[in-house]
Amino acid sequence: MFFNPIFISPYTDFGFKKLFGEEDCKDILIDFLNELLKNEQGNILSLTFLKNEQLASSKNYRNAIFDLYCVTDKNEHFIVEMQKSKHDFFKDRMVFYSTFPIREQAKEKGWNYELKPVYCIAILDFVFDEDKHNLEKFRYDVKLTDIDSHKIFYDKLTFIYLEMPKFNKRLEELQTGFDKWMYIIKNMEGMKKLPEQLHNPIFDKFMEKARMCNLDEQENWAYFDSLKSMRDWFAIFDTGYREAYSEGMEEGKKAGIEAGIEAGIEKGIEKGIEAGIEKGIEKERFDLAKKMKNIGMEIANIVEVTGLNEETIQRL
């Protein structure tokens with residue numbers, strides 16, 4: 001049976017930025033952050049979106065492109081990332097990202113090194129391997145901590161990871177605003193409407209913004225291209241994984257079934273990741289940018305959707 005979704009997927013690059021990263025939905029992001037950090041601090045009253053591409057200090061170092069980057073009325077810096085596909089070094093990536101909002105707080109004169117808090121929040125559609133058997137834990141709040149005393153040594157740098165596949169609360173089990181946000185983000189793509197128990201002004205606005213029928217022609221086209229890129233990535237990865245797994249199994253017959261399985265998995269992951277990166281992501285980003293430029297979309301909008309810089313887009 002053909003599935004015709006009513007709401008866009010928040011796991012796509014376009015969908016996530018559409019729902020949380022536009023000026024008219026600041027109140028949505030503020031509500032999500034306040035529910036997420038209810039036990040951490042007082043309410044965020046306002047925030048400002050910052051440029052999501054952060055330049056490295058030298059051409060020899062890598063730039064960073066965040067999904068969302070904002071600063072609150074208390075001058076707290078927030079990076080919010082949605083990660084659909086598994087990434088072996090995702091924790092390293094988030095630590096790397098945290099250095100940009102820390103570094104940019106430096107002042108040329110009269111600075112005593114005082115920093116404002118930095119929060120790095122990752123919504124993950126995968127599970128960390130080291131904790132995959134701990135099905136009850138889906139949220140990780142990480143700070144610099146003393147190993148012996150287990151007391152927080154430094155409280156201005158916080159990493160929060162949300163493993164969405166582990167969140168399995170049913171509608172009747174939702175107790176907090178955070179529970180409700182987790183439920184909606186995980187299940188909205190398959191919903192026909194917002195359940196009655198979840199109606200409030202913020203959730204109503206969020207779901208209305210997510211309706212497919214409310215996208216204009218350019219947004220609709222950009223969303224499906226973003227969805228296609230995500231699906232192509234998984235298709236390429238899956239094909240590489242299956243082919244390499246099969247090769248590994250054949251080789252493994254000579255050394256035993258166990259060795260064949262191990263070889264297949266290792267080759268599959270290696271080939272899948274390599275093929276996905278080289279053939280999928282970059283090609284789709286450039287193709288998408290070129291098409292958007294050809295139909296007359298503004299360069300700033302193309303930068304936001306594709307993540308490519310303005311100079312690259314101008315050369316297409």
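In which segment is T12 found? T12 lies in the segment before helix 1 (13–20), where helices are DSSP runs of H or I of at least four residues, numbered from the N terminus. The model is predicted, so that local features need pLDDT of at least 70 and side-chain atom pairs count only at pLDDT 80 or more, whereas totals for chains, interfaces and linings use all residues. Residues are numbered from 1 along each chain as its sequence is written, and side-chain values use heavy atoms, with hydrogens and water left out.

T12 counts as buried because its relative accessibility is 2%, the term buried standing for under 20% relative accessible area (1.4 Å probe, protein chains only). The side chain of T12 reaches the backbone nitrogen of G15 at 2.9 Å.

Helix 2 (residues 26–36) and helix 4 (residues 177–187) have axes that come within 8 Å and cross at roughly 125 degrees; axes are lines fitted to C-alpha atoms over the stretch in contact, and angles run from 0 to 180 degrees between N-to-C directions. Helix 2 and helix 4 are therefore oblique to each other, a class that takes the angles left over when those under 35 degrees count as roughly parallel, over 145 as roughly antiparallel and 65 to 115 as roughly perpendicular. The crossing of helix 2 past helix 4 is left-handed, meaning that the near helix is turned anticlockwise from the far one by less than a right angle, with clockwise giving a right-handed crossing. I28, D31, F32, E35 and L36 of helix 2 make the contact with G177, F178, W181 and I185 of helix 4, contact being heavy atoms within 4.5 Å. These residues divide into six nonpolar, one polar and two charged, where Ala, Val, Leu, Ile, Met, Phe, Trp, Tyr, Cys and Pro count as nonpolar, Asp, Glu, Lys and Arg as charged, and the others, Gly among them, as polar.

Helix 4 also packs with helix 5 (residues 201–209), at an angle of about 15 degrees and with the axes 12 Å apart, and the two are therefore roughly parallel to each other. Helix 4 passes helix 5 in a right-handed crossing, in which G177, K180, W181 and I184 of helix 4 meet I202, F203, F206 and M207 of helix 5. By class, this contact has six nonpolar, one polar and one charged residues.

The axes of helix 2 and helix 5 come within 10 Å and cross at roughly 125 degrees, and these helices are therefore oblique to each other. Their crossing is left-handed, and the contact is made by D27, I28 and D31 of helix 2 and I202, K205 and F206 of helix 5. Three nonpolar, no polar and three charged residues make up the contact of helix 2 with helix 5.

Definitions and conventions
Buried means under 20% relative accessible area, exposed over 50%, partly exposed in between (1.4 Å probe, protein chains only). A polar contact is a pair of N or O atoms within 3.5 Å; within protein, one must be able to donate a hydrogen and the other to accept it, and residues adjacent in sequence count only if both atoms are side-chain atoms.
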